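Hi,

Here is the structure I promised to pass on. Have a look at it first, and then read my notes below.

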Amino acid sequence: MDEDHDYQRSVVGRLIAQARSLTMPVILTIALLVVWEAAVAVLDVSVVTLPPPTTVAAAIFEHRDLLMQHSVPTTVEGLMGFGLAVVVGMGLGILLALSKFFRVAIYPLIVAFQVVPKVALAPLFIVWFGLGMTSRVLLAFVIAFFPMVVNTFAGIQGTDPMMLRMARSFSATRWTVFRKIEFPNALPYIFSGLKIGVTFAIIGIIVAEFVTAQRGLGYLIVFAEGNIDTPLLMAALVVLSVIGLLLYGAIVVLEKVIIRWDVGQKL
Amino acid sequence: MRGGKSRDAPPQYMGLAHVRIIDVRKTYKTRRASIDAISSVTMQVARGEFVSILGPSGCGKSTLLMAVAGLLPVTEGRVEIDGEVVTGPRRDTGVVFQSPVLMPWRSIFKNVMFPIEALGLPVREYEARAYELLKLTGLDRFHDNYPTELSGGMQQRVSICRALIHNPSLLLMDEPFSALDALTRETMNQELLRIWEEFQKTVLFVTHSIREAVFLSDRVFVMSRRPAVISKVVDVTLPRPRALEIDETPEFNAYVSDLRRAIEG
């Protein structure tokens, strides 16, 4: 009983449990790939419309150097935009939570800005910052920024008032309350912001690569489409999905390592 | 040995109450009107005394306790601890709230140590005391566990340890056992007395349970319904240490009926 308990609590144990829960989705994916392969063959669909999984796999193998070469800027720039969103977003979320002035003056602006479809800003960024990396990173940033702000803010604001009263009864300073109560309380929210944010950052980079058309998997997708090379297009999509999954997975692992307590409500 | 403790207090404390509540009035302002939560309360608690404030739900007894804790300002009058007017939370006070309010991200041990960090005291020097308190409350096996892994009664024990870690002279308890089942509550009452006898703290205990007040206290202050005043003070001279069976004695039950009449009166 006790051993079972420790197993449940240990980080490795919980990661194994998490991995186990992936068994069914993996089986389902394989089944879908088989159906896809068979359907394309039976219905005689053209390779340009829908290449079968084996052809896509062959394209990945054939173009592995090209795919690798374009994966690097997409990943690096995506992470740069995401990193910027984490730093600025968390910083602003904290300011909003701690300062009434920021809450009253700035929060409505942030919400209003959220209504703007950020992808539509891409052409403007090109006018301002040119076709280079700056435009792409900034687009990823503006898209990933909002979930970081809102989740950090909500996590701090969601602190139990009784907890704050308890801390005050022990003469805790404002700084102690933030560091030892509000911030840890916000961590589960921040992690759900990170998970959304990293996905959004990749979306931003891809859209920016479509528009700036210099390099990256987004560029490769547009290039393949222009050449009517659907297998390469899908190969790039697969690689892109794998990158997205790895980044998301890295955050999940980090979350399991840091948040070891029972969060209670599911976020 | 502890019987009549308030009476054989050391001479230097004679006449000097540990806690003095003087003409305290508390008014809440709502949009429509101002509501008197406490109309006028005056009472004194001697050093080392166990005093309960007994009253119906919502009578303002918790408000009074929070004023003593320095967590709520009073509208009129004043609270003095050791002759000093309370203006905010004090380092020599420990509060136990109605719910345990433990931090779910901290181990039991780290929860108990929180006041030491908040008060800026040397953490190292208090670690042994934290272990000692956890041992005293039967929680020494759980110091590395997280709060959600403990039962409600165990969690409230942790919060009592937390209130005692910085060695306060005054322990303020706001209906700490009201969320617990009757059996756990009795155990907790007994344990609280054991801790009190061990540490010699002054305890101000808010409850709406008559039997709990009689079992624990040297004196019971009865608070009337809102706007609250102290309607009766009862000296409980039952011998100490008290065992749970004491509630079957006629003396115990005489106190209970007396207090019940005072509340209903």
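Let's start with the sheet in chain B. Keep in mind that this is a predicted model. Chain B has an open sheet of 10 strands with mixed pairing, in the order E5-E4-E1-E2-E10-E9-E3-E8-E7-E6. At the edges you'll find strand E5 (84–85) and strand E6 (93–96) of chain B, each with a single partner strand, so one side of each has no neighbour in the sheet.

Helix H1 (residues 61–68) of chain B lies across several strands, including E1 (19–29), E2 and E3 (50–54), and runs at about 120 degrees to E1(B). Helix H7 (residues 250–264) of chain B lies across E3, E9 and E10 of chain B, at about 165 degrees to E10(B).

Now for the cores. The largest nonpolar core has 76 residues, and B:Leu54, B:Leu65, B:Val68, B:Val112, B:Ile165, B:Leu172 and B:Leu204 have the most contacts inside it. The element that gives the most to this core is H2(B), with 6 residues. Another core, of 55 residues, lies apart from the largest one; among its members are A:Val198, A:Ile206, A:Leu233 and A:Ala236.

How do the two chains meet? In all, 18 residues of chain B are in contact with 16 residues of chain A. On the chain B side, helix H2 (residues 108–118) gives the most, with 4 residues. That side of chain B has 14 nonpolar, 2 polar and 2 charged residues.

Chain A, finally, is split by its domain assignment into domain 1 (1–44) and domain 2 (48–258). Their C-alpha centres lie 26 Å apart, and 8 residues of domain 1 are in contact with 7 residues of domain 2. On the domain 1 side, helix H2 (11–20) and helix H3 (23–43) of chain A each give two or more residues, with H3(A) providing the largest share, 5 residues. By class, that side of domain 1 has 6 nonpolar, no polar and 2 charged residues.

Cheers

Key: Residues are numbered from 1 along each chain as its sequence is written. Chains are lettered from A and ligands numbered from 1 in the order in which they are written. This is a predicted model: local features need pLDDT of at least 70, side-chain atom pairs count only at pLDDT 80 or more; totals for chains, interfaces and linings use all residues. Two residues are in contact if their C-beta atoms, placed from the backbone, lie within 7 Å. Ala, Val, Leu, Ile, Met, Phe, Trp, Tyr, Cys and Pro count as nonpolar, Asp, Glu, Lys and Arg as charged, and the others, Gly among them, as polar. Two strands pair if DSSP finds at least two bridges between them. Axes are lines fitted to C-alpha atoms, for helices over the stretch in contact, and angles run from 0 to 180 degrees between N-to-C directions. Domain bounds come from an automatic or database domain assignment. A nonpolar core is a set of buried Ala, Val, Leu, Ile, Met, Phe, Trp, Tyr and Cys residues joined through C-beta atoms within 7 Å. A residue is buried if 20 or more other C-beta atoms lie within 10 Å of its own, exposed if 12 or fewer, and partly exposed in between; C-beta atoms are placed from the backbone.
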